[in-house]
Number of protein chains: 2
Amino acid sequence: MAEKGTLTRPMLERIPEYLKYLRTAETENVRSVSATTVSRALGLGEVMVRKDLGSVSGEGRPKTGYDTSALISRLEGILDFGGAASAVVIGAGKLGYALCGYRGFAEYGISITAAFDTDSGKTLNPASPCPVYPLSELKSYCLFHNVGIAIITVPADSAQAVCDIAVAGGVRAIWNFAPVKLTLPETVPVKNENLASSLALLAAQALPRR
Amino acid sequence: MAEKGTLTRPMLERIPEYLKYLRTAETENVRSVSATTVSRALGLGEVMVRKDLGSVSGEGRPKTGYDTSALISRLEGILDFGGAASAVVIGAGKLGYALCGYRGFAEYGISITAAFDTDSGKTLNPASPCPVYPLSELKSYCLFHNVGIAIITVPADSAQAVCDIAVAGGVRAIWNFAPVKLTLPETVPVKNENLASSLALLAAQALPRR
């Protein structure tokens, strides 16, 4: 079965595809599916699909393959982080708003429940896709709502301070969009997302230098 | 000297830091700097800094190190993509707006000059951080302005179509935020940015499963 350590990003990216296909099959009363069927329907390599499905649900039965409903449950289980898959955005600027309103997270069972900002004017913005609270409430909100992930979209010079508050509020991981290296307890993983350097690296690969 | 192939993301992320430090040193009439000085000032490993600077500017002179101005020019040269570092955003939704208004790109000499959207209402939005044009003008705009990179933030089902238009307009790379695999000519590199799976992977590492 897929454990935390063995789950790879490419496989994680395929799970919503598998689920979409399997849920449709289930509504059409297709009781069992084989890796071959799934791979053909989705245009994916059969060996890879067999490995993916095997890692979440063991080997399929000979000839018939996997029970459709059971496979759906297994795949949903991978994306089921209990109540802890809620996230908050810290910094309600353009990027913060964009992330709050991004619908793709729901496919992975993750919801952004609130945003926080020092600018209290933003807390009243009716255009915000999620409620915006003052930064002073961040810690108590995280503790009370058992928030799993803090998404940091504040400027570089205030990132460490808000990160410390989120960690004090018990968040278990940080997704950092501020272009700065954060200092964190070893138990709290951080993923740095430097959009500027991502774009620059692509430019460096593709564009001629002067 | 650093060539396209040897430029790594971690080094690319350090270049703005180096430049910030060196430009300050230059204004303070510091004529030459050593890898040791730079590494100490920035709190970075000396071996790494020596390697970075060596890769862009060869070995420094014994004792004195690098000529400050020459080193600045070399580092700026890495980020100088000529006129081709302009980018356009296709899809003027929340994420598109956030990218248009993101200031970090300027550090790498890249500017987003326009956004495109099918919704002509968006072309009149005065809050947009860059002009929004109708999608029908995308190809001619890219050709005329020698646009290097197209950033795709449309929904998955229209991503391939807008990508094809951008490629017909001569863009040399695609930065794709739509959760779909794009088909492209081999000469046009694509970087896929799946925000949802990035967050899900972090959740999978950090949060307990039910």
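**Confidence, interface and side-chain pairs in a predicted two-chain model**

Over residues 1-5 of chain A, pLDDT stays under 50, and the model has 14 contacts beyond four places in sequence for this segment. The structure is a predicted model. Where pLDDT is low, the predicted coordinates should not be read in detail. For chain A the mean pLDDT is 86, with 90% of the residues reaching 70 or more. The scores of the model are ipTM 0.77 and pTM 0.79.

The size of an interface is often given as the accessible area lost when the parts come together. Between them, chain B and chain A bury about 5,100 Å², of which 72% lies on carbon and sulfur atoms. The contact involves 55 residues from chain A and 55 residues from chain B. Across this interface, 0 salt bridges are found between chain B and chain A. Polar contact across the interface of chain B and chain A amounts to 2 residue pairs, both at pLDDT 80 or more. On the side of chain B that touches chain A, at least two residues each are supplied by α1 (9-27), α4 (68-78), α5 (94-100), β6 (149-152), β7 (173-176), β8 (190-192) and α8 (195-206) of chain B. The element that gives the most to this side is α8(B), with 12 residues. By residue class, the side of chain B that touches chain A comprises 35 nonpolar, 10 polar and 10 charged residues.

Side chains of opposite charge can pair when their charged atoms come close. Over all chains, a search of the whole structure finds 8 salt bridges. In one salt bridge, D52(B) is paired with R14(B), and the closest N and O atoms are 2.6 Å apart. This pair links distant parts of the chain, since D52(B) lies in helix α3 (residues 46-57) of chain B and R14(B) in helix α1 of chain B, 38 residues apart.

Definitions and conventions. Residues numbered from 1 in each chain as written. Chains lettered and ligands numbered in written order. Heavy atoms only, no water. pLDDT = per-residue confidence, 0-100. Contact = heavy atoms within 4.5 Å. Buried area = accessible area lost by both parts, 1.4 Å probe. Salt bridge = Lys/Arg side-chain N within 4 Å of Asp/Glu carboxyl O. Polar contact = N/O pair within 3.5 Å; in protein donor to acceptor, adjacent residues only side chain to side chain. Helix = DSSP H or I, 4+ residues; strand = E, 2+ residues; numbered from the N terminus. Nonpolar A, V, L, I, M, F, W, Y, C, P; charged D, E, K, R; others polar.
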